[in-house]
Amino acid sequence: MIDRAMWIADLLCGTACAILMIMISLAIPEGGRHMYEINTGLFCALFCLLPALFYHLHIMRLPLWVVALIEFAIFMHAYGVLLLQYDLLIYYDTVTHTLSSMVITVCIYLTLMCVHHYCADTRFSMTWTLLLVFVIMMTFGGIWEAFEYVVDNLSGTMMQYSPFDTVRDMLANAMGSVLGSTIAYIFQRHHDFDDTVESFQLHPRLIRVLKGRQ
Amino acid sequence: MVLAMKSTQATWLTLTAVLVVLLVAVFRLDLMLAGTAVITGVALVYPGRRDGSCYSPYVLRWAAAGALLILMAEVIDLSGLLGGIFYGGVSVGWLLILLTMPVLAMGAGLMIASALVRYTVLEITGRWVIIFSGAFAIAIAAVYLFPLFVEMYLNGFAVFNEDARLLIDRVSDRILMAPVLAAIVSVVPAGFILRHDMHRRKTKELIGGTYDD
């Protein structure tokens, strides 16, 4: 039997995927579209289905608000790429970077909650968790920019427009990380820790991975 | 050398090396190196100020090695041995300093994690300490982008979209990405060495002994 929250989550995932597919079909006949845009749109459309797939394959059950955040972030990125909003709107890039970083921060935080819950020799404190999440986000941001730089040099693409663009992306990452940490902190204050992790209904294999070597 | 010393002596020796790094950084107006040295110095003296304890020699060795490596790189750069040598428009002397900075930052990360284990409810395995130390070093390099960008702007480099797209050889991108790339290159082998060091070592033992030992 499917619960109401997951029914809404399924609807969100399906709708986001369907709209992106329609946008891809509209983008293909237009001139000036590269395979990069189409491939990104297709990848994002399929990625939108992941939370629903995770639930139906009994891998994990993500909370509705997390599913909504993930779908919104992916949709915004794909919409920008497919309908050229990244080029047309000045601050679109900053908004999507901030949003993506916020969602990733929340996901990292929830993962750390699961590790804390299942791993016997690991007990995280709030200070540590927020510090670790921020450090990991800045690290991911740095590695991503290095990746863009290397890809640009190897393939001649223009993922990095200029140093200003790189620094703006990093600033957006930092802002997103702070926003995500704030959401996580508020969430933890109002929800029971163990109940939240149990509600994820993680697959036994995932739990074994989180428990680590005993 | 640090391993053979008493904890007190090793702490003071490491602190001296870190303070020399700080002096050099201030002298050369290197904000990020100065910041890293300050973080390391504060983390180094914190347990002693709090309850008179000090880090185990294994932790101190990282901070000492990082500080000494930076000082060696600074001496090479200041002596002009690598003067005029550039790799893709980036000074090799500066690259050498960037390659050594993450070792000191990893030492700082190691000390911060050890202090949190000791003074908060935190319980983590050695793997988490290694992950945090490595991530901390790369995060410091990522933060370096901000002051570096300002410095490049003030020195007249092409930093904005409209200026950068006119360039065929985009040296400003290479200079900006140098700290992060150098950090990634340094953190990977350093992480393996740290993993070897941490093997079978309990995180609770990373701060051990007192100044009276």
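**Close-up views of a predicted two-chain model**

**View 1. The loop that holds Gln201(A).** Gln201(A) is placed in the loop that runs between α9 (193–199) and α10 (204–211) of chain A. As in every view below, the model shown is predicted. Gln201(A) is not a glycine, yet its phi is positive, at about 45 degrees. For comparison, most residues other than glycine have a negative phi. Gln201(A) has 13 C-beta neighbours inside 10 Å and therefore counts as partly exposed.

**View 2. Ile59(A) and its partners from elsewhere in chain A.** Ile59(A) sits in the loop between α3 (50–56) and α4 of chain A. Which residues does Ile59(A) contact, leaving aside its neighbours within four places in sequence? They are Phe54(A), His203(A) and Leu206(A). His203(A) is 144 residues away from Ile59(A) along the chain, but the C-alpha atoms of the two are separated by 4.7 Å.

**View 3. Packing of α1(A) on α2(A).** The two helices are α1 (residues 4–27) and α2 (residues 35–47) of chain A; their axes lie 9 Å apart and the packing angle is about 165 degrees. Angles over 145 degrees count as roughly antiparallel, and α1(A) and α2(A) are therefore described in that way. Their crossing is left-handed. On the α1(A) side the contact is made by Cys17(A), Leu20(A), Met21(A), Met23(A), Ile24(A) and Ala27(A), and on the α2(A) side by Glu37(A), Ile38(A), Gly41(A), Leu42(A), Cys44(A) and Ala45(A). Sorted by class, the contact of α1(A) with α2(A) holds 10 nonpolar residues, one polar and one charged.

**View 4. Where domain 1 of chain A touches domain 2 of chain A.** In the contact, 12 residues of domain 1 of chain A meet 13 residues of domain 2 of chain A. On the domain 1 side, α4 (64–82) and α5 (85–88) of chain A each supply at least two residues. α4(A) gives the most to this side, with seven residues. By class, the domain 1 side divides into eight nonpolar, three polar and one charged.

**View 5. The side of chain B that touches chain A.** How many residues of chain B are in contact with chain A? There are 31 from chain B, and they meet 27 residues of chain A. The elements of chain B that give two or more residues to this side are α5 (126–154), α6 (161–164) and α7 (171–198). Of these, α5(B) gives the most, with 13 residues. The chain B side is made up of 25 nonpolar, four polar and two charged residues.

**View 6. α7(A) against α7(B).** Helix α7 (residues 126–155) of chain A and α7(B) have axes that come within 9 Å and cross at roughly 125 degrees. That angle makes α7(A) oblique to α7(B). The crossing of α7(A) and α7(B) is left-handed. From α7(A), the contact residues are Gly142(A), Ile143(A), Glu145(A), Ala146(A) and Tyr149(A); from α7(B), they are Asp173(B), Met177(B), Val180(B), Leu181(B) and Ile184(B). Seven residues of the contact of α7(A) with α7(B) are nonpolar, one is polar and two are charged.

**View 7. α8(A) against α5(B).** The axes of helix α8 (residues 163–190) of chain A and α5(B) are 10 Å apart, and the helices pack at an angle of about 145 degrees. The crossing of α8(A) with α5(B) is left-handed. Here Pro163(A), Thr166(A), Val167(A) and Met170(A) of α8(A) meet Ala142(B), Leu145(B), Phe146(B), Phe149(B) and Met152(B) of α5(B). The contact of α8(A) with α5(B) has eight nonpolar residues, one polar and no charged.

**View 8. Leu29(B) in its loop.** Leu29(B) is located in the loop between α1 (7–27) and α2 (31–51) of chain B. Its phi is near 55 degrees, a positive value in a residue other than glycine. Is Leu29(B) buried or exposed? Leu29(B) is exposed, because 9 other C-beta atoms lie within 10 Å and a residue with 12 or fewer counts as exposed.

Terms used: Residues numbered from 1 in each chain as written. Chains lettered and ligands numbered in written order. Predicted model: local features only at pLDDT ≥ 70, side-chain atom pairs only at ≥ 80, totals over all residues. Axes fitted to C-alpha atoms, helices over the stretch in contact; angles between N-to-C directions. Helix = DSSP H or I, 4+ residues; strand = E, 2+ residues; numbered from the N terminus. Parallel < 35°, antiparallel > 145°, perpendicular 65-115°, else oblique. Left-handed = near helix turned anticlockwise from the far one by under 90°. Contact = placed C-beta atoms within 7 Å. Nonpolar A, V, L, I, M, F, W, Y, C, P; charged D, E, K, R; others polar. Buried ≥ 20, exposed ≤ 12 C-beta atoms within 10 Å, placed from the backbone.
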